[in-house]
Amino acid sequence: MRRKIPSSASLQAFDAAARHGNFARAAEELSLTEGAISRQIARLELLLNRKLFDRTGSRVKLNPAGAHYAHHIRETLERLERDTQYIMGIPEGSKSLDIAALPTFSSRWLIPRLGGFKAMYPDITLNIAARTDPFILTESGFDAAIHFEHPAWAGMRIQFLFEEKLVPVCQPTLLTDKDVYEQLNDIPRIHRRQNPDAWHHYANENEISLDNPTQGVRYDLHEMAIAAVMTGQGVALVPRMYVQNELSRGLLVSPWPESESLSKKFCLVKPPETGVNEAALEIFERWLLAEIHTLAEASI
């Protein structure tokens, strides 16, 4: 059965007319005549069997059905343009992977290492998108996701990567001669909004007395908490792997132990069925595991 899909010319004419509220301005934008715009809109309305505009003199105004349709058509055209430019930007004969990953992991660990991946595999383009929450991977457009273990990944192919453990870090200038555990009461504590009880659990685990474990500012991402720590705003519980460089250079310090209970297992999540990019995904997976192994050996 033939699909009822309007022509791209009709959709572009409709989108331009909807944005401008004027056929003449839509025609100017698309380098067409006003009559051509009017004919394309008429064809679209005929296909839909309903009017999309209320016409008053030379001006047109979307009616409720037209406003609803315009919103979705604009999103569709923008997505189509992005996808078209994406394909145009892929060199002939090269491979491409779209990976979803947690924002802080991407910016502080994965992306800084991709120069090495590109040098080893110049014919594979890696596109990274941030995803904070688990999502339905199949039909998402992503070849894989780097995320923590979650029931949402049921039925997917899972490759364990590493265990993320949190450690308190702060600027060295905030430390005094007092006992380091007592200082956790004196230094402003920084929280991650998604884990508001982290300091409470850390204090219980290490038998530390905190006057008010929940007191302090809250940020959505580890990246935000690290930025606050770097500017001397307090102490935060963050994954050591994200601040290893700053710790090695003495920009941050962590005289406190890692938490054993505040941890998450990270994994590479792949669709249940192999896809057209499976060979490139296997190469990326091997490289990723090698990088994580190198990091683990360096921390011993």
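**Reading helices, strands and rings in a predicted model**

Tutor: Let us begin with helix H5 (residues 103-120), which lies across strand E3 (95-101), E4, strand E5 (144-148) and strand E6 (157-169), and runs at about 175° to E4. Helices (H or I, at least four residues) and strands (E, at least two) are DSSP runs, numbered from the N terminus; contact means heavy atoms within 4.5 Å; and axes are lines fitted to C-alpha atoms, for helices over the stretch in contact, with angles running from 0 to 180 degrees between N-to-C directions. This is a predicted model, in which local features need pLDDT of at least 70 and side-chain atom pairs count only at pLDDT 80 or more, while totals for chains, interfaces and linings use all residues. Residues are numbered from 1 along each chain as its sequence is written, and side-chain values use heavy atoms, with hydrogens and water left out.

Student: In what order do the eight strands of the open sheet lie, and which of them stand at the edges?

Tutor: The order is E4-E3-E5-E10-E6-E9-E7-E8, with mixed pairing, where two strands pair if DSSP finds at least two bridges between them. Strand E4 (124-130) and strand E8 (217-219) stand at the edges with a single partner strand each, so one side of each has no neighbour in the sheet. From one strand to the next, the twist averages 25°.

Student: How should I read the packing of helices H1 and H3?

Tutor: Two packed helices are described by the angle between their axes and the distance between the axes. For helix H1 (residues 8-20) and helix H3 (residues 34-48), the angle is about 110° and the axes are 8 Å apart. H1 and H3 are therefore roughly perpendicular to each other (angles under 35 degrees count as roughly parallel, over 145 as roughly antiparallel, 65 to 115 as roughly perpendicular and the rest as oblique). H1 contributes Ala-9, Ser-10, Leu-11, Ala-13, Phe-14 and Ala-17 to the contact, and H3 contributes Ile-37, Gln-40, Ile-41, Arg-43 and Leu-44.

Student: How are the rings of Phe-105 and Phe-162 placed relative to each other?

Tutor: Rings of Phe, Tyr and Trp (its six-membered ring) pair if their centres lie within 6.5 Å, and planes under 30 degrees apart count as stacked, over 60 as edge-to-face and the rest as tilted. By this rule the count comes to 15 aromatic pairs. The rings of Phe-105 and Phe-162 have centres 5.8 Å apart and planes at 20°, so this pair is stacked. It links distant parts of the chain, with Phe-105 in helix H5 and Phe-162 in strand E6, 57 residues apart. Phe-105 is buried at 0% relative accessible area, and Phe-162 is buried at 8%. Phe-117 and Tyr-121 form a tilted pair, 5.1 Å centre to centre with 45° between the planes; Phe-117 is buried at 2%, whereas Tyr-121 is partly exposed at 22%. Phe-105 and Phe-162 also belong to one aromatic cluster together with Trp-109, Phe-148 and Phe-266.

Student: What phi do Ser-31 and Glu-139 take, and where are they found?

Tutor: Most residues other than glycine have a negative phi. Ser-31, although not a glycine, has a positive phi of about 55°; it sits in the loop between helix H2 (23-30) and H3 and is exposed at 66% relative accessibility. Glu-139, also not a glycine, has a positive phi of about 60°; this residue is in the loop between E4 and E5 and is exposed, with a relative accessible area of 86%.

Definitions and conventions:
Buried means under 20% relative accessible area, exposed over 50%, partly exposed in between (1.4 Å probe, protein chains only).
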